[in-house]
Amino acid sequence: MDENEAGGSGQPHEGGTVRTGIAGQVVLVLQGGGALGAYQAGVYQALHDAGIEPDWVIGTSIGAVNGAIIAGNPPDTRLARLDAFWSRVAAAASVTSGWLPAFDDWWRRASIFLQGIPAFFTPSPSAWWALNTPLGREHAAFYTTQPLRETLHTLVDFDYLNACNVRLTVGAVHVADARMRYFTNRDAPLSVEHVMASAAFPPGFPSVEVDGESYWDGGIYSNTPLEAVLDDRPRRSSVIFAVQLWPTNGREPQSIVEAMVRQRDIQYSSRSQSHLERQRQIHRLRHVIRELEQYIAEPMRETQAVRDLLAWGCGTTMQVIELDAPSFGEDDLHKDIDFSPGGIERRRTAGYDDTRRMLARAPWRETMDPMEGIAVHRAAPGA
């Protein structure tokens, strides 16, 4: 059975906020993408300013980090904690006072490669010169993420997180059998290890042990964790803000570097459009099953065999609000490590502005076809 809740217009939400006009649960889905995750901070800020707090946050990689900070703090401190994280990971400022931007960018990237980011990751020198030497699973990476562990402990209240004020789900892939696993505080307490595992992108970062097993960043398997909510049971009507950091659409590359950039965009967008289309087909069939019930005679409808079959139907609706981080003209192959203060601010501002425009549209208020279970709302090109 589905749980078709309608906690909509004027209903109080966590922290005393009000979600006017939104029926069902609010879900925030966050892709992985390193420095591109600053866009997600802007998205959350716009939602927060509009009085919309998520019931459920689902994240992979940097999305898991942002998600843990959001779900692991009361509404009145979330923005401050997000600000603190992105301030800590911002790379050093310009060394030429900005009059030689190309050199500044090169110097910043080189510094990150050689020195890491003190609040996030630092080099593991032994790994750089011993690529074939067995170092153990905790050290088989170019960097250590111990600094991220300490940062998360200071910015995430895990007691608050595990009180399930907001549901949090993080995606990680099992190293040995390549199976994707979603850990959620609804089913069992989450620790810093679960978030670290979701952000353990190899070979830069080492795997993280959870329950005696090794896990890597879920983004290497599926970087768009939308499936976690669309396959959830019991099913609930939802308004889903799906924040995508890697552009699905892009121009045809004209150089080797452009080809490499586009290849990464395609790889890490994780076939989000095809996933959505498959889910739309599944939900349409569930609605068809629900509609068929009225054509079955009462005595037959009450038999256990028919009830079991009808249980596959549902009337829930999924309103997917797609927020796509823009591509900037100067983006390059290393855009996901652009932790420059300017890059972070630019992406965060874009996330804030895009979300404000989408909230003004409020597409979840549109009437859906009763035979459709999923409606996808995208920003108009150039909007």
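Colleague: Are Phe85 and Trp86 buried or exposed?

Modeller: This is a predicted model. In it, both Phe85 and Trp86 are buried.

Colleague: What describes a pair of aromatic rings?

Modeller: In general, such a pair is described by the distance of the centres and the angle of the planes. A search of the whole structure finds 10 aromatic pairs. One of them joins Phe85 and Trp86: the ring centres are 5.2 Å apart and the planes stand at 85°, so the pair is edge-to-face, given that planes over 60 degrees apart count as such.

Colleague: Which residues are linked into a cluster by ring pairs?

Modeller: The cluster consists of Phe85, Trp86, Phe120, Phe121, Tyr143, Phe205 and Phe339.

Colleague: How are the rings of Phe183 and Tyr215 arranged?

Modeller: Phe183 and Tyr215 are also an edge-to-face pair, with 5.3 Å from centre to centre and 80° between the planes. Phe183 belongs to strand S6 (residues 180-184) and Tyr215 to strand S8 (residues 213-217), so the pair ties together parts that are 32 residues apart in sequence. Both Phe183 and Tyr215 are buried.

Colleague: Turning to helices, what describes two packed helices?

Modeller: Consider helix H3 (residues 75-88) and helix H6 (residues 146-155): their axes come within 10 Å and cross at roughly 160°. Angles over 145 degrees count as roughly antiparallel, and H3 and H6 are therefore roughly antiparallel to each other. Their crossing is right-handed.

Colleague: Which residues make the contact of H3 and H6?

Modeller: H3 contributes Arg81, Ala84, Phe85 and Arg88, while H6 contributes Leu148, Thr151, Thr154 and Leu155. Sorted by class, the contact of H3 with H6 has 4 nonpolar, 2 polar and 2 charged residues.

Colleague: At what angle do the axes of helix H1 and helix H14 cross?

Modeller: The axes of H1 (residues 38-49) and H14 (residues 341-361) cross at roughly 40° and come within 6 Å. That angle makes H1 oblique to H14. H1 passes H14 in a right-handed crossing.

Colleague: Which residues of H1 and H14 meet?

Modeller: On the H1 side, the residues include Ala38, Tyr39, Gly42, Gln45 and Asp49. On the H14 side, Ile344, Arg347, Tyr352, Asp354 and Leu359 are among them. The residues of the contact of H1 with H14 divide into 10 nonpolar, 4 polar and 5 charged.

Definitions and conventions. Residues are numbered from 1 along each chain as its sequence is written. This is a predicted model: local features need pLDDT of at least 70, side-chain atom pairs count only at pLDDT 80 or more; totals for chains, interfaces and linings use all residues. Side-chain values use heavy atoms; hydrogens and water are left out. Axes are lines fitted to C-alpha atoms, for helices over the stretch in contact, and angles run from 0 to 180 degrees between N-to-C directions. Helices (H or I, at least four residues) and strands (E, at least two) are DSSP runs, numbered from the N terminus. Angles under 35 degrees count as roughly parallel, over 145 as roughly antiparallel, 65 to 115 as roughly perpendicular and the rest as oblique. A crossing is left-handed if the near helix is turned anticlockwise from the far one by less than a right angle, and right-handed if clockwise. Contact means heavy atoms within 4.5 Å. Ala, Val, Leu, Ile, Met, Phe, Trp, Tyr, Cys and Pro count as nonpolar, Asp, Glu, Lys and Arg as charged, and the others, Gly among them, as polar. Rings of Phe, Tyr and Trp (its six-membered ring) pair if their centres lie within 6.5 Å; planes under 30 degrees apart count as stacked, over 60 as edge-to-face and the rest as tilted. Buried means under 20% relative accessible area, exposed over 50%, partly exposed in between (1.4 Å probe, protein chains only).
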